[in-house]
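User: Hey, I've just opened this one and I'm new to it. Can you walk me through a few spots?
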Amino acid sequence: MTLAQTGAPAPMAPSTLGHYLLVSALLLVIGLIGFVTRRNLIIMFLCTELMFQAAGLAAVAFGRYHLNLTGQTLVIFILTVAAAEAAMALALVVLLFRRKESLNAEEWQDLKG
Amino acid sequence: MTERLAFLYPEIVLFVATCVVMVLGLSRSLRARKSSAVVAGVSVLLAGFLAVVSTPRGSGDAACPLSGFVYSHALTPAMGQVLLPELAPYAKAVIALVGALLLLPMAGTVDRTDEARIAAGKAGFDPLRSNRAEFYAFYLFSLTGLMLCASADNLIWLFLALELTSLPTYIMVAISTSRNRSREAGVKYFFLGALGAAVFLYGFALVYGGTGTTNLNAIAHSISTGGLNTITLLGVVVSLLGLCFKIAAAPMHFYTPDVYEGAAPQVSGFLAFVPKTAGFIAILLLCAAVGWGYSHADSGVGSLLHAVSAEPLVQGTGRRLPYLLWLMIWVVAALTMTIGNVLAVLQRSVKRMLAYSSIAHSGYMLVGVLAGPGDSASTSGVSAVLFYLLAYGVMNAGTFAVLAALERGTDSEGQPVEVETLDDLRGLCASHPLLGWTMVVCSLSLLGLPPLLGFFGKLPLFTSGIAAGQITLVVVLGLNSAIAAFYYLRLAFTPLLESRDESEAPPALAPFRSRMAGAVIAAVGVLVLSAIGGWAMGHAFDAATVKGAGAIAPRGH
Amino acid sequence: MLLMAAILIPLVSAVLIAAAPEARAKTIALLGTLAQLVIACYAATVFDWSFSSRAQLGMSVAWFEGLGVSLSLGADGVSLVLILLTGLLGPICVLASSTAITTRIRTYYAWLLVLQAAMAGVFAARDVILFYICFEFTLIPMFILISLWGSTNRRKAAIKFFLFTFTGSVVALAGLVYVTWFNATLDRGAVPQVILSQNELLGTWTFDVSTLITAGQMMSASEQAWVLLALMAGFAVKVPLFPVHTWLPLAHTEAPTAGSVILAGVLLKLGTYAIYRFALPMVPEAVALYAPHLSMLCVVGIIYGGLICWVQTDVKKLVAYSSVAHLGFCMLGMFALNNTGITGSILYMVNHGLSTGALFLLIGMIYERYHTRDMNQLGGLAAKMPVWATFMVFFTMASVGLPGLNGFVSEFLCLLGAFQASSSWGSGAWGSDIEPVAAATPGALGPWFAMIAGTGMIIAAMYLLYMVGKVVWGPLKTPHGHAGGHAGHESSGADDHPAPLPTDLSGREIVTLMPLAVLCLVLGVYPKPLMNAIQGSVDQTVAVVREPLRTHAVTGAPAKPAPASPANTHGEGAQ
Amino acid sequence: MLNLIQDTIVHTQPESLGAAVEKAGHAHGQTDWSVAAIVALPLLACVLTGLCAALRVKSKLPAWITVASLAGAFALTLKTFAAHFMGAESHPFVVHVFDWVTFSWAADAHAQGPQTNELAANFAFYLDSLSALWMLFVTGLATLIALYASEYMSHDQGAGYCRFFAAFSLFVFSMACLVMADNLLLLYLGWEGVGLCSYLLIGYFYKKPSAVAAAKKAFIINRIGDLFLAMGVMLIFVQFGTVEYSVLFEKARPYIELARAGQFSQIPFLVKLIPCLLMGGAFGKSAQLPLYVWLPDAMEGPTPVSALIHAATMVTAGVFLIARTYPLFLLSEIALPVVAWVGALTALLSATIGMAQFDIKRIMAYSTVSQLGYMFCGLAVLSPSGGVFHVVTHAFFKALLFLCCGAVMHGFAGQLDLRKLSGVMKVPGWRIVGFGMLIGCLNLAGFPLTAGYFSKDMILAEAFVTPGTAVIGWILLITAGLTAYYTFRVFFRVFVGPVAYELGDEHHGADHGHDDGHGHGDAHGHAQAKGHADAHGHGGTHHEPHAPGWAINTVLATLAVLSLAATGLYFVGGDHGAVAGLVDQSSAGFHSPLAHHGAAEGAPAHEAGHAVVSYVPEFVHARAHGGEVHAGTIFGADPHKAMYFISAGVGAVGIFVAFWLHLAGRKSAATSRADALLPALGPIPGWAQGKWYVDEFYDFLVRKPLWVLSHIFYLIDSYLVDGLVDFIGAAPRAAGKVIRPSQSGELHGYALGMAGGLVILIVIVALVAT
């Protein structure tokens with residue numbers, strides 16, 4: 001997992017970037033696994049947040065690597081969108097809870113086939 | 001800056017209209033409330049008009065000569081995104097037209113029982129209970145996002161535009177009916193959508209990491225000069241897979257049938273067009289950034305085995321996407337159309353069937369993505385995709401509008417009951433000739449039966465696929481069209497040929513004339529475009545001009 | 001313009017029918033089809049027969065220019081003959097339906113006319129896409145005719161008919177588009193000037209038929225083979241050739257009478273015509289190479305189809321399977337790739353349309369009266385319906401291939417074509433040093449093919465006479481509940497029919513049969529005008545195929561891509 | 001039809017046979033409508049009688065139309081014959097009417113051979129002495145038999161009557177096309193045309209299932225032969241580039257030269273194949289082994305039909321074909337021997353069957369088969385004139401015999417069983433029939449000085465003369481004895497002896513299926529009253545046989561006279577009679593007895609080169625040196641002279657045996673002395689009566705397996721071929737069912753699917769990338 005980009009300034013050792021990316025990938029995978037395995041809607045949503053943040057982490061790391069602010073800009077927007085999604089998720093979860101008195105995702109599988 | 005702003009006049013109009021609608025929808029005056037839909041429609045059409053009229057066209061060859069690609073941040077804002085420089089006017093016009101068409105059946109989607117009670121004098125207007133303002137606002141937001149996609153020149157912009165397109169639709173699905181099924185559809189759509197968004201976002205981050213920029217023009221420049229490095233490639237792959245969610249392509253297609261079935265038909269129709277269009281525009285932009293200039297042999301799926309170690313990842317003189325991307329999209333396209341079609345064959349529920357068919361159509365369009373740009377409408381896959389989006393939008397709007405225009409009485413809670421299965425459509429041509437024939441025309445067109453619009457949509461996919469050497473995939477496409485005939489024939493001929501049992505009352509018309517108008521306009525549109533679609537296709541081809549790394553030089557003879 | 005009118009008039013009539021009151025539908029339909037026939041006849045008089053190999057009466061309207069598609073029409077001798085056949089069967093089908101169709105009359109006639117238009121369009125198209133559009137669009141009206149007015153198993157039959165042929169033709173489209181693309185990428189510099197001067201569109205993206213034919217000949221052998229495979233996938237289904245024929249008996253059996261007539265009369269000819277128009281000249285090398293294999297399928301079809309006929313009890317199914325056998329002959333002649341065979345094949349298209357169409361009409365008349373097609377329930381109808389029986393025997397004989405009637409000329413020429421087409425003639429035991437073998441043509445079929453296919457003539461006699469023996473001759477037998485013996489038709493007939501049909505044929509029914517009978521006789525006795533009409537076109541096709549055929553035959557290896565110049569062939573056709 | 005005939009009916013006179021006969025329509029020669037009219041008149045009759053049917057004519061008008069037209073055709077034939085073929089020298093000529101299957105094309109530039117090919121098969125008539133002779137007796141007999149039928153079929157007046165005469169006229173038209181065709185394709189038209197008429201007329205009583213079956217059988221078996229003929233025609237076309245006789249014989253000349261020189265090895269195999277294929281056609285049409293089985297069954301048709309079609313004319317088409325294409329038969333060393341053996345075996349086999357039958361019409365049918373065998377032998381033993389002479393004499397006496405049997409059948413209500421008829425001649429009004437029968441029988445039995453005697457002798461003698469065919473001669477001689485026996489068996493049982501008879505169960509058209517009889521106004525008025533579709537529609541029963549009327553008697557008398565008069569043909573004209581002279585000047589004259597006698601006796605003939613062609617090379621030289629050396633003798637004498645006595649003796653023995661067994665001491669109709677003999681012969685008479693079970697054998701060997709195969713094919717088609725299609729059609733649905741569980745409705749399932757798909761695709765990408 002090395003970046004073969006020669007000629008670019010290297011204020012951060014490639015190995016360090018690699019570490020960040022590894023963490024970010026781990027976050028992504030954890031989020032993914034959590035989303036697949038957990039049944040609670042709120043936890044599932046948190047898992048997607050985790051994945052968003054994985055992307056954010058990667059962006060920041062890359063931004064640092066490339067020595068520009070684009071990565072950080074991206075992160076700000078990611079956070080914004082994540083917040084918007086969180087708001088929506090909360091509304092939706094409440095709506096669903098009102099109907100079935102449960103947060104279990106398995107309650108909702110009438111539509112299939 | 002004002003130059004730059006000219007790109008956004010349509011979006012600005014839509015945004016303003018959104019604000020107005022949000023206010024109007026909360027008015028105590030019924031007329032004012034009702035006018036919110038009108039305002040939405042007018043604004044969408046106005047936005048489309050502005051897109052055609054006011055979008056700057058200065059980004060021609062002079063400003064951006066083919067030879068020396070020197071992108072600077074100072075230059076690009078004035079030019080908009082230069083990968084598909086002519087895309088925005090066409091795409092926005094299509095979005096506006098189809099969007100307006102999709103608005104017609106949306107009348108009465110929300111607040112129907114409340115409004116009825118208010119009209120009957122049983123209750124007063126309660127802004128807190130009303131959803132109308134939000135619903136139309138969401139509709140406009142979503143279209144705003146979609147239009148923004150078309151002018152995106154930056155991954156961040158693209159990301160935001162995609163999210164702006166999608167987020168409102170989650171809510172629209174959930175509130176489209178008051179039944180649990182809509183809630184279920186909403187939750188599935190939202191959670192899986194978030195998952196998909198996370199995936200392509202991660203991909204975007206990787207692309208940024210690989211190229212050091214999020215500006216698409218610069219990315220293209222970086223790739224064309226520095227080659228496609230592993231991180232970028234991985235980023236593009238992950239982004240594309242994430243975007244597969246938007247276009248409902250395998251392996252991200254699972255949500256589609258459930259969501260389409262759970263939502264009200266008019267909203268399903270909206271879903272079948274809006275996120276799909278956003279997804280395809282994003283995919284085209286990403287692919288244009290990577291470029292179609294690579295070369296490798298086409299040996300179908302079999303070449304998977306010869307794993308191309310010697311594959312050049314630098315732009316060559318070829319006409320293909322990089323092998324890995326090519327392979328991935330090939331597999332995704334073949335899988336998508338096949339899965340969509342074979343599952344659609346099994347369905348009795350019309351909406352579910354159309355949902356699966358929507359998956360299949362994405363598969364067809366991916367063939368155009370693979371084929372890439374060309375020097376005529378018949379060889380350009382990009383143009384084929386852009387035209388197909390228009391064609392699909394119109395015919396699809398027709399089928400869903402027919403479903404929206406019909407209902408089978410009301411249930412115990414006073415909610416209208418939708419037409420569900422094919423059986424409900426029996427004898428429709430006899431009981432409601434206009435709707436019945438709309439269904440016939442639109443389904444046959446979706447089937448791709450010549451000489452209807454769907455055929456002329458599919459034909460450039462065919463020709464461009466073959467011109468790009470994707471013969472195997474084109475044959476897969478052809479065979480899938482045949483599978484699709486199984487269910488489209490049923491959909492077309494159940495209204496026409498089968499007769500309804502005497503005992504059973506035919507479905508009633510929904511009390512919103514605009515729904516029926518939407519259906520009929522769509523059918524007429526299908527017929528008109530079948531005749532004069534060549535004109536639209538010409539514009540699609542203009543819009544498909546690919547500049548930069550992805551461009552191909554005109555073939556010299 | 002004339003061709004456009006031949007397509008548009010039925011379409012306009014269809015719209016009129018849909019708009020007019022139910023009672024008028026039949027009249028408008030009859031007028032519309034007659035108008036089409038008149039226009040086709042008039043076109044035949046305007047047509048310059050001395051240049052029958054060239055597409056004439058042409059016109060072109062732009063349509064989806066970006067794609068290279070245009071509404072481009074034109075007809076050469078073969079097309080015009082088939083348009084005439086289409087036009088002829090139109091009024092006959094309308095007349096034949098007048099008592100059989102009692103429900104949804106407007107829908108019926110409207111779709112019938114749409115079908116007429118689409119079929120004329122196939123034959124008149126000079127643009128590949130327009131051809132394909134019409135080719136495919138015939139499916140819809142036929143699907144509707146079968147599924148609304150068919151018999152018990154109609155839904156399955158209609159679906160199978162549609163899907164089977166649709167699937168095949170999609171693949172054929174891929175083949176045609178491939179040729180288009182090949183043409184677009186053609187390097188004009190490498191093409192001889194002679195050819196370029198005649199086809200300005202070479203090397204551009206176009207769907208023009210003659211350009212694509214010229215371009216197709218320049219493809220490499222393997223490309224041609226693949227394109228041939230694709231084309232056959234579409235067209236062989238339509239014909240239908242042996243292993244892909246199973247939709248036909250089903251569709252025929254279930255279709256209403258007029259549907260069967262059109263199906264047998266014209267729709268099957270779309271496949272044979274398409275093979276003649278596209279496969280032969282476009283990929284001559286592949287055709288030359290694979291002609292024996294394809295012919296083998298034809299021969300199998302002839303015998304297999306014929307023998308199956310022999311064990312049918314449903315008389316309509318019998319005639320349906322006989323189409324499989326008959327079209328085997330037709331295609332065998334085509335793949336003989338010589339003048340005799342192809343001339344015979346095209347005559348066969350017309351003749352089969354006439355005689356088998358008439359047989360379906362006759363069976364329909366019986367079905368209307370007795371509501372059964374079971375040969376175990378019907379018998380000896382000659383006693384009761386002498387006029388019907390006369391026609392039945394007449395058309396059976398035409399179908400058997402009795403000389404003096406139309407079937408013979410074409411069947412004999414097809415067989416003779418196959419017989420001639422062997423490169424072994426003149427060598428070894430097959431030849432002589434004294435006199436050259438006079439009328440041998442290159443190819444890989446030869447006497448064995450003709451001989452084995454010829455047994456089909458015997459089998460045809462077996463099953464058709466079996467049918468006639470059961471239904472026409474023998475002791476009178478009619479199903480229960482129908483007029484039997486001396487009981488007379490007055491009482492029982494009235495129960496079953498809103499408008500009771502006479503015991504024997506009515507005047508209207510005789511009028512529907514008469515033109516077919518006259519043509520069967522005339523074409524059997526004096527086929528020369530028809531042969532002259534198609535000769536120019538056939539000569540041109542043979543000239544294209546001959547070179548690769550000879551090369552294959554001599555060396556057994558694919559010929560080098562040497563496009564046959566159409567320049568000289570025009571002259572031949574124009575004698 | 002006449003309208004179609006164009007203005008180019010012209011005939012030309014070529015220099016000599018074998019030279020290209022110039023096609024008419026060109027420079028010289030005057031229009032000869034009369035030749036075309038020979039063909040056109042029967043067709044006109046057919047159209048008019050058809051019109052009568054449409055107009056529901058109930059009178060005898062159709063019969064008179066037919067008789068008049070045929071008589072006209074006969075008169076025109078006679079005129080043509082007299083004008084062109086009466087003299088010693090005759091010249092074939094072609095009358096072109098209009099183009100039929102004619103088109104040309106440019107040949108392959110690289111192929112050897114002509115640069116333009118033409119398939120020219122026109123409605124054009126080739127008249128030479130052979131076709132003129134044939135037409136003479138065809139039209140003549142047809143006229144007489146039509147006259148006979150006008151009375152015979154009178155019970156069926158109405159639609160059936162019209163139908164009968166329409167088919168009858170059509171038959172004569174087809175036969176005229178067959179005989180007068182100038183090309184093989186037109187011959188083929190006539191060939192199948194007569195087959196069709198035969199089919200229609202055998203099946204005339206279409207309500208009888210046996211008649212329908214017989215008609216079908218006749219057509220199908222004929223078709224088998226037709227296929228061989230068609231293949232032969234194709235081979236001729238490919239080999240020689242033409243199907244027109246005149247050109248064909250010219251093109252074949254090099255090969256004939258080779259055959260003359262005995263260099264058969266240089267003649268290509270395919271050229272040798274031509275006669276073998278043509279032979280197949282001839283065997284089918286002329287009811288020879290192995291295709292003879294249809295002819296006896298064909299007796300289901302009305303008797304005039306049996307007389308004309310199945311005895312006198314159509315069945316001799318095979319003989320005509322071989323005579324017409326005789327030069328080609330000389331090109332193969334095996335063709336004529338095969339014909340000879342087939343003919344001889346057929347003659348013998350059918351004679352044995354004929355001996356054991358009881359139905360007199362069937363006996364006559366088998367005798368026809370047997371006599372046709374003779375004719376083939378005649379052709380094959382290099383005696384075309386003998387064969388053709390036998391055709392002519394046989395036409396008259398066999399027609400006579402059939403018509404007599406028909407008269408009996410007509411008068412005795414369909415009774416044909418010789419065990420139920422006796423002494424018919426003594427019944428009042430039946431004398432003419434009896435005498436007619438006697439004359440016919442004498443001819444058939446080869447009684448000395450009858451026409452049949454001379455024609456048979458010519459064949460027998462030549463069989464012994466021709467090297468290598470003596471065995472065939474012996475077979476034919478034995479057959480001649482058998483023939484005499486069974487012929488007179490009929491005569492002695494039925495016409496003489498004690499008067500005793502039993503009427504048949506048919507009463508005028510019972511079983512005859514009146515077309516207009518049921519359901520409509522019935523002319524006879526019986527059936528309606530009964531109110532059911534009973535085939536035995538006529539109520540009234542006749543208890544007495546009714547004697548034939550004037551038409552039948554006139555015809556019988558005329559034919560009897562003609563049969564006797566035919567003898568005269570042997571004595572006028574050349575060495576072997578007028579017929580031989582005619583044959584000799586035609587295509588069949590390429591080799592004839594006249595020729596090899598001719599060199600010695602100086603009879604007018606062709607140059608020797610044409611005359612001496614033998615299929616047995618080693619004898620060529622012997623032949624070429626004239627008539628001194630006869631390769632074969634019989635009992636050391638000149639076979640022609642010896643045969644006069646030998647065959648007379650054999651015939652007399654046969655007649656005597658018949659007299660002893662069937663007339664002498666016979667007291668009743670049913671039994672005779674012969675019955676006592678039967679047990680001594682064991683099962684053989686039973687087998688012979690069962691026609692040696694050939695039909696059953698064919699049924700078992702061909703029809704049943706084919707039937708089973710058809711069913712198997714049908715099963716394959718329904719389940720395998722169509723099943724495969726259905727399987728493919730069901731595949732999408734099945735695939736859908738397989739992946740449907742993925743759409744479980746569970747959020748987690750979907751997420752898992754998405755994640756899994758994502759991971760798999762990325763892993764693939766990663767794998768491919770590294």
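User: What does B:Ala197 touch, not counting residues up to four places away in sequence?
Analyst: B:Ala197 touches B:Glu163 and B:Gly242. Contact here is defined by C-beta atoms, placed from the backbone, that lie within 7 Å. Keep in mind that this is a predicted model, where local features need pLDDT of at least 70, side-chain atom pairs count only at pLDDT 80 or more, and totals for chains, interfaces and linings use all residues. Residues are numbered from 1 along each chain as its sequence is written, while chains are lettered from A and ligands numbered from 1 in the order in which they are written.

User: OK. Where is B:Ala197 found?
Analyst: In helix α9 of chain B, residues 180–211. Helices (H or I, at least four residues) and strands (E, at least two) are DSSP runs, numbered from the N terminus.

User: Why does B:Ala197 count as buried?
Analyst: Because B:Ala197 has 27 C-beta neighbours inside 10 Å. The cut-offs are 20 or more other C-beta atoms within 10 Å for buried, 12 or fewer for exposed, and partly exposed in between, with C-beta atoms placed from the backbone.

User: And what separates B:Ala197 from B:Leu271?
Analyst: Their C-alpha atoms are separated by 16 Å, and the two residues sit 74 apart along the chain.

User: Switching to strands. In what order do the 3 strands of the open sheet in chain B come?
Analyst: The order is β2-β1-β3, with antiparallel pairing. The edge strands are β2 (416–418) and β3 (508–509), each pairing on one side only. Two strands pair if DSSP finds at least two bridges between them.

User: How many bridges join β1 to β2 in chain B?
Analyst: There are 2 bridges, and β1 covers residues 406–410. B:Glu407 stands opposite B:Glu418 in β2(B).

User: New topic: which residues does a cis peptide bond join?
Analyst: One such bond joins B:Ala250 and B:Pro251, with omega about 0°. B:Pro251 lies in the loop between α11 (230–247) and α12 (255–262) of chain B. Another cis bond joins B:Pro450 and B:Pro451, again with omega about 0°. B:Pro451 is in the loop between α18 (433–447) and α19 (453–467) of chain B.

User: What about chain C, what's the phi of C:Arg104?
Analyst: Phi of C:Arg104 is positive, about 45°, although this residue is not a glycine. C:Arg104 is in the loop between α3 (77–96) and α4 (105–124) of chain C.

User: And where does C:His371 lie?
Analyst: C:His371 is in the loop between α15 (339–370) and α16 (381–384) of chain C. Its phi is positive too, near 55°. C:His371 is partly exposed, with 14 other C-beta atoms within 10 Å.

Terms used: Contact = placed C-beta atoms within 7 Å.
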